[in-house]
Amino acid sequence: IIKIKLKKMKYSNKNFNKKTILITGGAGFIGSNLAFYFQENYPSSKIIIFDCFRNEDTFPNGNLKSFGHYKNLINFKGDIICGNINNKTDLALLGDYKFDYIFHQAAISDTRVFDQEFVMKTNVNSFYEFLEIAKQDDATIVYASSAATYGGLPSPQTVGKESPENPYGYSKLLMDQIATKFSNENPDMTIVGLRFFNVYGPKEFYKAKTSSMVIQLGHQILMGKAPRLFENSQKIMRDFIYIEDVIQANIKACQPKNNGTFNVGTAIPRSFQDIADILQKELGTNLGTEYFSNPYEGYQMSTQANIKSTLESLDFKPNFSLEAGIKAYLPEIKSLLGENIL
């Protein structure tokens with residue numbers, strides 16, 4: 001992976017100007033980045049964000065039920081609809097538009113939510129609704145799948161070999177199966193699922209406890225504290241991918257060589273210790289590392305995306321190494337230190 005400076009670039013020769021684009025979950029991390037990509041690169045595109053936005057509701061695990069935040073959309077100039085994908089009355093508001101592209105990001109994405117009924121209704125039932133909208137409007141649909149479909153399977157994780165270990169991962173696998181069936185029944189449609197690995201970057205701050213270790217460790221270091229990691233963190237490997245490469249994958253998914261589900265990662269696993277060390281090097285600190293016991297049984301020790309089919313079908317190739325991604329992300333990490341997460 002080459003190191004490049006962060007800059008806005010067009011990832012496709014497809015012209016999205018004068019196209020109508022729906023982004024569900026558009027006030028969230030990936031959705032809001034997509035919205036600004038289109039706004040900045042295709043100023044005459046019509047962008048509609050559909051998001052329920054955050055309220056004070058929490059799951060039994062203490063995490064918020066919704067991460068959509070208005071601050072992610074400051075300076076956004078498109079249409080915003082506050083609505084819940086579980087609510088047919090809210091969804092009916094989308095009938096005022098005819099979409100060319102649908103980016104379906106909205107979901108319960110917390111892997112430690114075990115209310116199966118709620119996860120399945122939110123992630124699976126609503127997916128049928130958006131597939132039907134895409135069919136009706138003759139729209140391309142690109143949706144968020146997840147590396148959670150693989151569960152604890154050994155690396156590299158490969159499409160076609162899945163073993164989800166939580167309701168979220170299972171719901172995403174069901175979405176992939178539904179998309180395949182729908183694609184087979186409607187061969188003229190473009191339907192692509194993207195299995196994101198460990199995404200980090202600007203606009204994730206309001207995910208609170210579920211934000212990446214990059215921003216969490218960055219803020220610990222900026223506060224003068226040694227970064228806290230599980231023992232043996234140099235052996236815990238993850239496929240960390242910078243948000244800009246995730247945007248690239250979404251854009252290239254609009255003109256795939258074939259429909260399908262594709263991994264979106266770097267294919268180069270790195271350790272949590274690497275994150276702490278890179279941050280300290282960039283910030284010029286030498287605070288050491290504080291280690292504590294891993295409280296989770298059956299903790300996954302490694303993820304690595306097999307991106308062979310992603311390269312072949314989407315022409316996707318990640319541009320950001322972990323070092324380059326963290327360097328590009330640091331200005332925002334610094335600016336958010338001390339910011340109220342609510």
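Here is a quick tour of the sheet, some helices, one asparagine and the cysteines.

Keep in mind that this is a predicted model, where local features need pLDDT of at least 70, side-chain atom pairs count only at pLDDT 80 or more, and totals for chains, interfaces and linings use all residues. Residues are numbered from 1 along each chain as its sequence is written, and side-chain values use heavy atoms, with hydrogens and water left out. Helices (H or I, at least four residues) and strands (E, at least two) are DSSP runs, numbered from the N terminus.

**The sheet**
- Seven strands make an open, parallel sheet, in the order β3-β2-β1-β4-β5-β6-β11; two strands pair if DSSP finds at least two bridges between them.
- β3 (79-82) and β11 (260-264) are at the edges with a single partner strand each, so one side of each has no neighbour in the sheet.
- On average, neighbouring strands of this sheet are turned by 20° against each other, direction ignored.
- β5 (residues 140-146) runs parallel to β6, and six bridges join the two.
- Valine 142 sits opposite valine 192 in β6.

**Helices against the sheet**
- α4 packs on the sheet and touches β4, β5, β6 and β11; contact means heavy atoms within 4.5 Å.
- The direction of α4 makes about 150° with that of β5, while α6 lies across β4, β5, β6 and β11 at about 165° to β6.
- For these angles, axes are lines fitted to C-alpha atoms, for helices over the stretch in contact, and angles run from 0 to 180 degrees between N-to-C directions.

**Helix α1**
- In α1 (residues 29-41), 12 of the 13 residues are buried; buried means under 20% relative accessible area, exposed over 50% and partly exposed in between (1.4 Å probe, protein chains only).
- Among the buried ones are Phe29, Leu34 and Asn41.
- Their cover includes β1 (20-24), β2 (46-51) and α6 (243-252).

**Asparagine 186**
- Asparagine 186 is in the loop between α4 (167-185) and β6 (191-196), and it is buried at 12% relative accessible area.
- Its side chain makes a polar contact (N or O atoms within 3.5 Å; within protein, one must be able to donate a hydrogen and the other to accept it, and residues adjacent in sequence count only if both atoms are side-chain atoms) with the side chain of lysine 135, at 3.3 Å.

**Cysteines**
- Searching the whole structure turns up zero disulfides (pairs of cysteine sulfur atoms within 2.5 Å).
- For cysteine 82, the nearest cysteine sulfur is that of cysteine 52, 6.9 Å away.
- Cysteine 82 counts as exposed because its relative accessibility is 52%, whereas cysteine 254 is buried at 4%.
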